[in-house]
Amino acid sequence: TYVVTDNCIMCKYTDCVEVCPVDCFYEGENTLAIHPDECIDCGVCEPECPADAIRPDTEPDMEAWVEFNRKYAEQW
Ligand code: SF4
C-alpha cells in the first residue's frame with residue numbers, strides 16, 4: 001500500500017485524489033488518508049503530490065503510518 005504521511009497536513013492540493021483509479025483516498029479536515037486495504041499499489045498518486053507526502057509502505061518504519069491511514073480512512 002501507499003500511505004499519506006505528515007507532509008500532507010494542511011496541504012491544500014488534492015491532485016492525488018483525482019488520479020486514484022480505485023478512489024481509496026479519504027478526506028479529513030486537515031489531511032488525507034489512504035485505505036490500505038483498498039489501495040492497489042499502482043503508484044500513480046505519488047508523483048502528483050506537491051508535498052511529497054505519499055510514500056510506499058516498503059520504505060523503513062512505515063507501520064505506524066499504515067495504521068494511521070487505516071484508522072482515519074475508516075473514520076472518514
Ligand atoms: Fe490510489 Fe494507486 Fe495511490 Fe493506491 S497507489 S492510493 S491505488 S493512486
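1. Ligand shell. The ligand is surrounded by 14 residues, and the closest are Cys20, Cys39, Cys42, Gly43 and Cys45; a residue is near a molecule if one of its heavy atoms lies within 4 Å of it. Sorted by class, this shell holds twelve nonpolar residues, one polar and one charged. Nonpolar here takes in Ala, Val, Leu, Ile, Met, Phe, Trp, Tyr, Cys and Pro; Asp, Glu, Lys and Arg count as charged, and the others, Gly among them, as polar.

2. Basis of the model. The model is predicted, so local features need pLDDT of at least 70 and side-chain atom pairs count only at pLDDT 80 or more, while totals for chains, interfaces and linings use all residues. Residues are numbered from 1 along each chain as its sequence is written, and side-chain values use heavy atoms, with hydrogens and water left out.

3. Fold and overall dimensions. The chain has two helices and four strands, arranged from the N terminus as β-α-β-β-β-α. The radius of gyration is 11 Å, close to the 11 Å that the globule rule gives for 76 residues, so the chain is as compact as a globular protein of that length. This radius is taken over C-alpha atoms, and the rule is 2.2 Å times the number of residues to the power 0.38. Along its principal axes the C-alpha trace spans about 25 × 25 × 20 Å. Helices (H or I, at least four residues) and strands (E, at least two) are DSSP runs, numbered from the N terminus.

4. Surface and contacts. The accessible surface of the chain is about 4,500 Å², and carbon and sulfur atoms make up 47% of that; areas come from the Shrake-Rupley method with a 1.4 Å probe, and for residues only the protein chains shown count as cover. Of the 76 residues, 39% count as buried. Buried means under 20% relative accessible area, exposed over 50%, and partly exposed in between (1.4 Å probe, protein chains only). Among contacts with a separation of 6 or more, 65% are between residues 24 or more positions apart, a contact being heavy atoms within 4.5 Å.

5. Nonpolar core. The largest nonpolar core has 15 residues, of which Val4, Cys16, Phe25, Leu32, Ile34 and Ile54 touch the most other members. Strand E1 (2-4), H1 and E3 are the elements that give two or more residues to this core. Such a core is a set of buried Ala, Val, Leu, Ile, Met, Phe, Trp, Tyr and Cys residues joined through side-chain atoms within 4.5 Å. Not counting residues up to four places away in sequence, Cys16 touches Phe25, Leu32, Cys45, Glu48 and Ile54.

6. Threonine 31. This residue sits in the loop between strand E2 (25-27) and strand E3 (32-34). Is threonine 31 buried or exposed? Threonine 31 counts as buried because its relative accessible area is 13%. Apart from residues up to four places away in sequence, threonine 31 touches Val4, Cys8, Ile9, Tyr26 and Trp76.

7. Positive phi angles. Most residues other than glycine have a negative phi. Methionine 10 is not a glycine, yet has a positive phi of about 70°. Methionine 10 lies in the loop between E1 and H1 and, with a relative accessibility of 48%, counts as partly exposed. Aspartate 23, also not a glycine, has a positive phi of about 55°.

8. Aspartate 23. The loop between helix H1 (15-19) and E2 holds aspartate 23, which is exposed because its relative accessibility is 58%. From aspartate 23 to glutamate 67, 44 residues apart along the chain, the C-alpha atoms are separated by 19 Å.

9. Lysine 12 is in the loop between E1 and H1 and is exposed, at 62% relative accessible area. Proline 50 belongs to the loop between E3 and strand E4 (54-56); its relative accessible area of 52% makes proline 50 exposed. Leaving aside neighbours within four places in sequence, proline 50 is in contact with Cys11 and Tyr13. Aspartate 15 is 35 residues from proline 50 in sequence and 8.6 Å away in space, C-alpha to C-alpha.
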